[in-house]
Amino acid sequence: MEMAKAYEAAPPAVPDWLNKGDNAWQMTASTLVALQSMPGLVILYGSIVKKKWAVNSAFMALYAFAAVLICWVLLCYRMAFGDKLLPFWGKGAPALGQKYLTGRAGVPASTHYHADGSIETTKSQPFYPMATLVYFQFTFAAITMILLAGSVLGRMNIKAWMAFVPLWLIFSYTVGAFSLWGGGFLYQWGVIDYSGGYVIHLSSGIAGFTAAYWVGPRLKVIGRDFLQIMSYLCWLELVCCGWDGPVSMGPSVIGAVQGMMTGLVCITPGAGVVQSWAAIVMGILSGSIPWFTMMILHKKSTLLQKVDDTLGVIHTHAVAGLLGGLLTGLLAEPALCRLILPVKNSRGAFYGGEGGIQFLKQVVAALFIIGWNLVSTTLILLAIRMVIPLRMPDEHLLIGDDAVHGEEAYALWGDGEKYDATKHGLNASMYSEQRTPSNYVNGARGVTIQL
């Protein structure tokens with residue numbers, strides 16, 4: 001059969017190992033993940049909070065996405081997927097050089113050996129360039145950081161957040177990524193986390209909850225919520241498609257989205273290694289167990305009540321991610337495991353044999369991720385607190401975006417309090433504009449857009 005012209009002899013720019021289809025799909029998949037963050041979570045955070053925090057919340061997500069990209073290529077990619085430095089950490093180095101990025105993708109520490117020292121699984125080397133792999137893994141690092149932000153919206157000092165993002169990426173995310181994906185000790189042991197139930201969701205949920213504890217709660221001020229349902233639905237279409245689960249006594253948009261998110265999170269560890277019927281079982285459980293922890297257990301737990309986790313990230317991501325990892329340890333199908341896992345005798349506990357050991361591996365990995373994120377997040381925030389307050393001043397919390405950024409997302413006549421420098425103590429020249437009281441006490445009000 002004659003070979004298609006696309007795969008005939010090509011110039012040096014198209015090496016013989018490059019599969020154009022693989023590369024195109026990997027880039028497409030990377031972009032889809034990136035869209036979940038930009039604009040997906042930026043839209044969500046800007047639309048789900050009170051309107052006075054729309055700018056700040058969206059900016060926190062935007063900054064995290066941009067900062068992670070810079071840190072990722074300067075240092076962090078190779079800490080997560082480079083040569084082994086420690087059993088849980090790779091050797092940090094830039095991923096910027098042309099020679100490095102145009103070479104064939106590979107994860108150096110991914111070679112898996114039998115107990116006798118012989119090779120069981122060779123180094124992972126997909127048929128696309130390193131630049132594609134760096135970009136693909138960046139999108140997961142970025143969304144993890146942005147999910148974490150959901151726990152501290154509406155009160156974290158923006159300067160503290162700007163310091164926290166690179167530090168948490170370096171000292172927390174890269175550890176989990178290398179340990180489970182980059183050839184670290186959990187990868188070599190055979191723990192299953194196909195697309196991030198532990199690396200992304202469990203870590204962001206635990207770290208977010210920990211950060212919410214140290215930053216402190218929002219002000220208890222009575223005010224109107226400004227949830228934009230249509231923006232919320234737009235975010236849903238960008239971010240997820242999964243299994244429904246209720247969060248109230250009746251059906252609601254927010255409840256449906258929450259259920260879809262927990263379904264997406266739960267399947268991530270087992271994607272590719274569980275059968276379709278098992279995915280349905282995981283979907284049912286992911287729509288009910290996180291609902292139980294959020295709506296019932298949360299109200300009865302003194303600890304959970306003390307911590308102001310703004311968007312309930314611990315339930316949506318940590319609980320659902322942990323659930324997915326444990327269920328994968330039960331339901332991973334042996335033939336599917338042989339196709340993609342480095343340890344070829346892997347199987348879930350329901351399939352007998354050594355499946356019980358697999359479930360134990362999933363438990364140990366979860367405990368490692370939980371413990372590391374608790375400790376690392378705490379130490380990072382305590383270090384930042386020595387030089388930057390973690391929480392905004394109360395006078396800023398009363399006002400919101402106008403006090404923090406000097407701008408508002410939605411300017412409604414006669415609605416809310418305008419920042420007054422003489423009243424709230426900052427430079428009057430920065431905030432000289434005053435709002436004229438509206439004559440429209442009742443009835444419709446106009447809308448102004450401030451550019």
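This is a predicted model: local features need pLDDT of at least 70, side-chain atom pairs count only at pLDDT 80 or more; totals for chains, interfaces and linings use all residues.
**Entry 1: how α1 and α2 lie**

The axes of α1 (residues 20–48) and α2 (residues 54–81) cross at roughly 160°. Because angles over 145 degrees count as roughly antiparallel, I record the two helices as roughly antiparallel to each other. Their axes come within 7 Å. The crossing of α1 past α2 is right-handed.

**Entry 2: the contact of α1 with α2**

I next asked which residues of α1 and α2 meet. On the α1 side I noted A34, S37, M38, V42, Y45 and G46. On the α2 side I noted A54, S57, A58, A61, L62 and F65.

**Entry 3: salt bridges**

How many salt bridges are there? I found a count of two.

One of them joins R218 and D308, whose closest N and O atoms are 2.8 Å apart. This pair links distant parts of the chain, 90 residues apart. R218 lies in the loop between α7 (197–215) and α8 (229–239), and D308 in the loop between α12 (302–306) and α13 (313–331). I then checked the accessibility of both partners. R218 has 33% relative accessibility and counts as partly exposed. D308, at 12%, counts as buried, because the cut-off for buried is under 20%.

I also noted a salt bridge between D394 and R391, with the closest N and O atoms 3.2 Å apart. D394 is partly exposed, at a relative accessible area of 40%. R391 is partly exposed as well, at 24%.

Key:
Residues are numbered from 1 along each chain as its sequence is written. Side-chain values use heavy atoms; hydrogens and water are left out. A salt bridge is a side-chain nitrogen of Lys or Arg within 4 Å of a carboxyl oxygen of Asp or Glu. Helices (H or I, at least four residues) and strands (E, at least two) are DSSP runs, numbered from the N terminus. Buried means under 20% relative accessible area, exposed over 50%, partly exposed in between (1.4 Å probe, protein chains only). Axes are lines fitted to C-alpha atoms, for helices over the stretch in contact, and angles run from 0 to 180 degrees between N-to-C directions. Angles under 35 degrees count as roughly parallel, over 145 as roughly antiparallel, 65 to 115 as roughly perpendicular and the rest as oblique. A crossing is left-handed if the near helix is turned anticlockwise from the far one by less than a right angle, and right-handed if clockwise. Contact means heavy atoms within 4.5 Å.
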